[in-house]
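Here's a quick tour of one model, starting with its sheet and ending at a single residue. Have the structure open as you read.

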Amino acid sequence: MRSKMLTAGLVLALTAALGGAAPADARPGGRPELADPHPCPGQPGFTCSTLTVPLDHTGRVPGTLDLPVATADNVNAPKGVLLFLTGGPGQGGVGTITRIARQRLPEVAQDYRIVMLDQRGTGPSGALRCPGLQAEMGSSDIATPSAGAVQECARILGDTAPLYSTDQSVADFDQLRQALGVPKLVVDGVSYGSFTAARYAIAHPHHVSKVILDSVLPHHASASASLYLTGMTAEARVLRAACAVAPACGYDPAEDLAWVVRHRGTADGVRIFDTVVSYEFADPSYRSPAAGDIIGALHEARTGAPARLDGLLEAYQSGGDDPASFSAGLHAATLCADGRFPWGSAATPLALRRPLLSLAAHVLPESATWPYTTGVATQQGFIQSCLPWPAEHPAANPAGPLPDVPVLLLNGDRDLSTPLEWAREEAARAPRGELVIVPGESHSIQNRERGHAGRDAVLSFLRST
């Protein structure tokens, strides 16, 4: 707690000194429309169309964007429209509507008209394409990009880079609501989608009836989050809990992790951090021999046999994902506009950022990052993507509570991408929030839960009055 307060205090001082207000929403004239409706290819029961939105909702930059939208064909669904928001930032949505509506949430699809979209900068037709960053990071938050790849991406995007902030996407969502002709939406977001869902509810409280936040990223950005402090320290809790499941390991996996990171150095420490977080998607138990047993591999590495850990680092190496499925360029542009960092916001001049980062690192106690190190915190992808990103007008960063509407928060207790601690933090800001913890599960309950407890909670929440 002390480390978070130190970091938050440093950022508060920097932000106050640097100033800068976020742009306000500006709606274009006329009601938006969904153009060119046609059956979604390969997804029967869904109609695909195009929503044309302003490139810049503030009106400062001219132009438009065409966003693909998929809508379920049950136009008269008894409980209205549910907007399902994907994560990243960088993931599209249209191509996954069948999986969500038919395979994962079929009971919800009986009551609600499920709608998904490719958010600006994502999807096959609209993905931002930054070849160097895509090759180095792919869909990772944590892998360290080179400054050259970041700078190449910033040059490719040019003056449009700030137009991919969450503020702009939130304004797109309300244009979609208007085009659908509905007064209110249920907004359901997973991972970064939980961030955008919460931000939509805050910006348009009278246009939401309920909110679902799955694998929660708190809506108020902080320097602690950009340093990934909560994610790093959560690994001790998660790995120890996994190790305690019968038959118990008989050793402390957090101590093993801390030893290996300190003996292999910062670069490998970042690779290990990235690998452990990626590994959760294959094996929420963290111990399955079939998946590589990351806990056992770390223990073996500490005892002088690193081969299995080295194999996992190679197998889970980030980079190369198709930008149509995950755009690393959009990921960087959004995070760097939205984020709050040890140097302040996106408005901080480049020349000041590294000294302010060094100052923040200097005052971080070991407990703020353990079992990792301060070096890992400052070299991972959130920081190294935005450190050389050009200065720009920062996006909004609302610190207040969620609106007074029913909010369901879902989180697996084994989630390391968006750890349970973040869900508790966001739940404290939801006046009518209910937090459901799903034991033994990791990231993205509605998409990936092996059982049904989390999805049952969703169904009960949506069916209640």
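How many bridges join strand β7 to strand β8, and do the two run parallel or antiparallel? In this predicted model, β7 (residues 208–214) and β8 (residues 407–412) are parallel and are joined by four bridges.

Now zoom out. These strands belong to an open sheet of nine, with mixed pairing, and the order is β1-β2-β3-β5-β4-β6-β7-β8-β9. At the edges sit β1 (34–39) and β9 (433–438), each pairing on one side only. On average, neighbouring strands in this sheet are turned by 20 degrees against each other, direction ignored.

| Helix | Strands | Angle |
|---|---|---|
| α2 (residues 97–104) | lies across β2 (46–54), β3 (64–72), β4 (81–85) and β5 (113–117) | about 155 degrees to β5 |
| α21 (residues 453–463) | touches β4, β6 (185–190), β7, β8 and β9 | about 180 degrees with β8 |

Finally, have a look at T378, which you'll find in helix α17 (residues 374–379). Is T378 buried or exposed? Its relative accessible area is 10%, and the cut-off for buried is under 20%, so T378 counts as buried. The T378 side chain reaches the backbone oxygen of G375 at 3.3 Å. Leaving aside neighbours within four places in sequence, T378 is in contact with L227, L357, A361, I383 and Q384.

Key. Residues numbered from 1 in each chain as written. Predicted model: local features only at pLDDT ≥ 70, side-chain atom pairs only at ≥ 80, totals over all residues. Heavy atoms only, no water. Buried < 20%, exposed > 50% of the residue type's maximum accessible area, 1.4 Å probe, protein only. Polar contact = N/O pair within 3.5 Å; in protein donor to acceptor, adjacent residues only side chain to side chain. Contact = heavy atoms within 4.5 Å. Pairing = 2+ DSSP bridges. Axes fitted to C-alpha atoms, helices over the stretch in contact; angles between N-to-C directions.
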